Every structure is written in C-alpha cells, then in structure tokens.
Amino acid sequence: MSSQKRVKNSQSQGKPSQSSNSYQTNLSAWKVKEDLSDSKSISKHGQNNPVEDYEHADDKAEDALQIAVRYFEKGPTKTSRSKDKTLEKHLKTVENVAWKNGLAPEGIDVLLNVALSGKFGSAVSTQILKCMIPATLISEDSVVKAVSWLCVGRCSGNTKVLFYRWLVAMFDFIDHKEQINLLYGFFFASLQDDALCPYVCHLLYLLTKKENVKPFRVRKLLDLQAKMGMQPHLQALLSLYKFFAPALISVSLPVRRKIYFKNSENLWKTALLAVRQRNQRPSPEPLKLMLGPANARPVKRKWNSHSVIPVLNSSSCSKECGKKGMSLSDYLSSNGSFPLEQLKSFPQLLQNIHCLELPSQMGAVLNNSLLLHYINCVKDESVLLRLYHWLSQTLQEECIWYKVDNYEHGKEFTNFLDTIIRAECFLQCSVLQSLKELLQNWLLCLSVDIHVKPVMNSPLETTLGGSMNSVSELIRYVGWLSTTAMRLESNSTFLLHFILDFYEKVCDVYISYNLPLVVLFPPGIFYSALLSLDSSILNQLCYIMHRYRTNLTAAKKNELVQKTKSEFNFSNKTYQEFNHYLTAMVGCLWTSKPFQKGLYIDPEVLEKAGVAQYKSSLNLVYHPALLSYAASFLLQEWPEERTVNLSSIRGKKWNWYLDYLFSEGFQGLKLFIRSSIHRSSVP
C-alpha cells in the first residue's frame, strides 16, 4: 500500500465526524477523480517486497476501475474518434478487476444500469453482465432498478436471458429479498417468453412462498405445460406449488426428484469460488481464474470445503445498526435485524429470535448450530426449500464428479461431508416431527373407522388387526431409527427431546384413541433418557412412564372384564418389559438401588470413577440432572449454612425437597411418583 494512502487512512481515523461507517449507496462517495491515479503512483524504488507490490498494483487497478465506471455511467460520446479504443480499454479494466477481486456493490449498481439500459449496445451489455461478480454482496435496490429496465424494452432478448441467468446465479449474494419478492407478478408474466421461461422458472422457484401460490397462476402453469409439454422447469415450479397448496393441483407429477434446472452459475462458477476463498483466507498471491464459461467439467480439481460453505454475513444495514456514525434517519430506515455475526449463545437467540434475518447465502447456516436451531423452530417451508436447494445443487455439482487426488484434498472433502452430516441432526428432528404427525393422522383415521366393516378383496390391509400390525411396525421402525440416530449423534439432548415427543403420542394410544395397541420404547432410548444430564428430559420420561402405566392398567382391567381371550390381548412380555423399566426408574430416583437387575455396571468402573458408595448414590438428590436443584433447595431454605450437605436431605427434608421440585415445574415427575411410588417409604 502506498505511503500516501496510509497517511490518508490515519487522518480519516482521527476525525470523529466522518460518516464513513454508514453504508453508502451513492456512487459519488465511492468515485475519485482521474488524477488520483497519478497522485497515488509513488514508486517503491529499492524495495522488492512482493506483497507490497501486489497491494500497490491493486490500488492502481482500483483507481482505473473507478475511472472506467465513470466512463460507462456518462454514456457513449459521439464526437470521440478513439471511442472504440477507449471503450475496449475500460471494458478490459472492469473485466480484469471483476474476475480478480470482484466488484463493490456501488460498482455493480452502476454497471447493471448500463448493461440493462442498452447504452452501448447488446455486445457491450453482454460483456458487462459476464463481469458482474460481487466482492461481497449485491444491493437489492440495484436488482430492482435493473429489473425496471426490462419494462422499457431497450435491451435485447439475449441480454434479458443473460440477466436472468445472472440473477439466479447471484441469488444468494443479494442482501435482501423483500422488494424482489414484490416483483413476483412481473417475473411470472415473463414466463410467456419461451427463451426466458426456464430461467424465470428457476428464479420463481427460489422466490416462491406460500402466499405467492394463487389459483390463476396454477392455471397458467398448467396451460404452459399443455402447450410446451412436460418441461423439467415447469414441473419444478408446479411441484413447489403443489407442496404449498396441494388442493389447487390435481394433476400427477413425477415423484422421483431429478435436476430440474440447468446450472446458471456456469459462466461465473470459477469466479464465485475464488471470491469466496479470498474472503475466507486472504492471500498475497493473485487468484488465477479462467475467464469465460466452463465448457467441460474437469476430471480433477482441488477441493476446498471452505470455499463451498459460505461465510456467515449479515446484510450491510444490519452490520451498521448501532454504530456511532449512523444518523437517526439511517437507523430508523434500517430493518433493525440482529447481526448474525454477534449471535454467540442460546440466550442471545431467545432474546433476538423475533428480529433475526437469515443470511442470503443459506449454506452459511451449516456451520452455526444456533441458526440450525432457529430453522428447526420457525417451521418455514420456504427456508427449508432454500437450504435443500443449496444442498442439492452443491452435492450434485461439487461432489458427484469430485475425485480425490491426494490425502489433503480428501480430508477437506471428508470435513465438508461431516459438516453436512452434523447439520443433519437438526433435519433428523424435522423427520421425527413429520413421523409423529403421520402417526397421529393414522391413529385418528383408525379411531374413526374402527367400526367400519372391512373391504373384501382389497389390496390394502383394511382389518383392524392388520392395521394395528402396520402401526406397530411403524412405531418399532421409528424406535430403531431413533436408537441409531442417538448413537450417531452421541446422545444428543436436542434429538432426544424430539424422540420423546414421538413417544408421548405412542404411550397414550390405548386410552386417547381407543385402539388396542401399546408399544414401549427401546432400551437405548429409555436408558439414555433416564441417565440424561438434562432435567427436562428426565421430567418428560417420568410423564411418559406414567401414561404407559395408566394405559397398561386400563388394558389389564379390560382383559379381566372380558374374561375371554382376544386377538388384541397384550402379551406378558409387554408387561414384563414395562415392569423392568419401572424398577430401574424407582431404583434410580427413589430407593437408591439402581440397576440391580437387567443393566449391569462393573463395580470396578464405578470405583475408579471415584464413586465410593455406588450402591446407594443415585436418587432424586444425587441424580446428575437434579444436583443443581438439590443445592438450590438447601441454599434457599437454609441460607445461613456455610456448606451444602446434600446427604442431609432425608426424612422431612425429603418431602420438602419434593414439593420444591414440583414447584419448579416437574409435573411429569409428580405424576410418576403419585402413580408408581408410595411416599410413605421416604429414604
């Protein structure tokens, strides 16, 4: 960097009244006069530092870019004899800087207007659009202004096609989508153009929300399909519409998922990867890029997982919120969203969940567990569709043809897949939620149709016994799936919450739905919940065990009343399995005699762990999920005591401690103790 630039930077930092912190969309704040290129060209004679030389070259290129942008903004000059040479020079400047470092939002704003206005003709517009590579983000306002030029009709059909291709490729780099979504009707009307139709469908697929699905749009898509045939891009949009509003589309669509859209990134793919890599890991060496479209897929390429998963970035306005240099009008006009870079803890997520704005590049959430939590909670189909679309595009285009050529690249590729698998834990929770809803709907149908006569010679199982067997198979399959998921996810508490939610529905089938079915959870789920460090998990398990006991007791009484053996009588194995679980729970929570039967833990292991009295060291006081509550109880009731003696909680204190736990919200534990334990036997 030149010495003069360092002086300017140091001077500007010393002026508190400068407004350089605010987001500037005015090109005048970004432009410089042509003579700045001369004033900054101070040579470094006698110094051969390659890093400084490279930075100095960047400064000169930036100055030349600003001059070129001013030239394009002013428009062509008719009197200039050297117009062609000047135009070619400035085009080359824009091209070099764009493909090397990317363009700033202000530069893209100007050049988009130039390209779509057709000032310099179709050929120049095409060259400019091919250079529209962002250094960071693209302003939504720039896109809206560019779309407005499409209404004027001053650009050619080829330019329109290239613009839509660019818009799809850069979709994740646009800082906001609200105003663009307001143009949904305009984009939809562009489906009439056969040349634009595939790319407009792709854009609409990315933009569509539930409120965008209207009957007249469904009819229009069906008319286009009748006219053009079963085109993949039309099938994609119809499938999305059917997902949001199944009642509006009665035609059958292909179930098998395939690649609906051609790769619109092809022209800018290598540049975008290089820009992402540069933003993640700055290098003094220039990144070598191949200008133009990638006509053939390389057999081998260097894999860099960091260049594939985007960096988590908030919009520019979000970053500027709260800065001292921001004016009141700027603050009031900002969207007030919480900067994602500052989201570091779960309490922060809870406090700001109402003002979070997901990143424009959805792949960035894969490295942030808090945002994955948020996505799983909001249940927004459009968010999941954007994430799934990004995953499918990345896996299909980045991974299918990838070939490991050395150990380092193979390790990076494996890390990328591991990141996706870790994120799948949150997606697995969504699968469990869907399976729970499926089970609920199935049980409701069976409870309504229980008295309907079976249909003879039907390919479907219509008898009650057959239906119960099918439901039982589903529940056991989910049990196997849950056990495997818990093993793969290292007993994730978050995942266990969703598993127990499923079994809250399963444990009450006999009474709530009047159906002869009781299926217990597998041991891997029961013991994971019983020994969980999370108190809410333990409370949830107690409630489920209470409902299992209530349902099995009702089933046993019904069997005794009927006095005749029925095909729906439960086997003794079910009762024995429940009694085994019940004994283990009472031993862990009440009698301090855990795992005397069934699950065996080597005493030497417990002794090495420092548990001296392992045979009587696990109950409501010493359970790892309740230790903090026991300590809080003693500090609250006897604050004058200098030491916390947990062993003192016995006799009357034990009953007081129970009442304290119940007041803290342990209603599941309360129901379990009342139904399964005699409180007269206080430890």
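# A walk through the helices

Visitor: Which residues of H11 are buried?
Guide: Helices here are DSSP runs of H or I with at least four residues, strands are E runs of at least two, and both are numbered from the N terminus. Buried means under 20% relative accessible area, exposed means over 50%, and partly exposed is in between (1.4 Å probe, protein chains only). By that rule the buried residues of H11 are Cys197, Tyr199, Val200, Cys201, His202, Leu203, Leu204, Tyr205, Leu206 and Leu207.

Visitor: What kind of model are we looking at?
Guide: Residues are numbered from 1 along each chain as its sequence is written, and side-chain values use heavy atoms, leaving out hydrogens and water. Local features need pLDDT of at least 70, side-chain atom pairs count only at pLDDT 80 or more, and totals for chains, interfaces and linings use all residues: the model is predicted.

Visitor: Is helix H11 enclosed by the rest of the structure or open?
Guide: H11 covers residues 197-207, and ten of its eleven residues are buried. So the rest of the structure leaves this helix largely enclosed.

Visitor: How many helices does the protein have, and how many strands?
Guide: Buried residues account for 46% of its 683 residues. As for secondary structure, the tally is 31 helices and zero strands.

Visitor: What share of the contacts between residues at least 6 apart joins residues at least 24 apart?
Guide: A contact means heavy atoms within 4.5 Å. Taking contacts between residues at least 6 apart in sequence, the share that joins residues at least 24 apart is 75%.

Visitor: Which residues touch the most other members of the largest nonpolar core?
Guide: A nonpolar core is a set of buried Ala, Val, Leu, Ile, Met, Phe, Trp, Tyr and Cys residues joined through side-chain atoms within 4.5 Å. The largest one has 106 residues, and the most other members are touched by Phe521, Phe526, Met545, Tyr548, Leu620, Tyr657 and Phe672.

Visitor: Which helix gives the largest share of this core?
Guide: Apart from this core lies another, of 80 residues, including Phe120 and Val124. Back in the 106-residue core, ten residues come from residues 407-448, and that largest share belongs to helix H21.

Visitor: How is the aromatic pair of phenylalanine 521 and tyrosine 581 classed?
Guide: Rings of Phe, Tyr and Trp (its six-membered ring) pair if their centres lie within 6.5 Å; planes under 30 degrees apart are stacked, over 60 edge-to-face, and the rest tilted. That rule gives 23 aromatic pairs. With 5.8 Å centre to centre and 55° between the planes, phenylalanine 521 and tyrosine 581 are tilted.

Visitor: Which residue puts its charged end over the ring of tryptophan 638?
Guide: A charge sits over a ring if NZ of Lys or CZ of Arg is within 6 Å of the ring centre and within 35 degrees of the ring normal. Over the ring of phenylalanine 171, at 4.8 Å from its centre, that is lysine 177. Over tryptophan 638, at 4.1 Å from the ring centre, it's lysine 653.

Visitor: Is asparagine 619 buried or exposed?
Guide: Asparagine 619 is in the loop between helix H28 (603-608) and helix H29 (627-637). Its side chain reaches the backbone nitrogen of valine 621 at 2.8 Å, a polar contact (N or O atoms within 3.5 Å; within protein, one able to donate a hydrogen and the other to accept it, and sequence-adjacent residues count only if both atoms are side-chain atoms). With a relative accessible area of 7%, asparagine 619 is buried.

Visitor: What is the phi of serine 490?
Guide: Serine 490 lies in the loop between helix H22 (464-488) and helix H23 (493-506), and at 63% relative accessibility it counts as exposed. Its phi is positive, in a residue other than glycine, and is near 55°.
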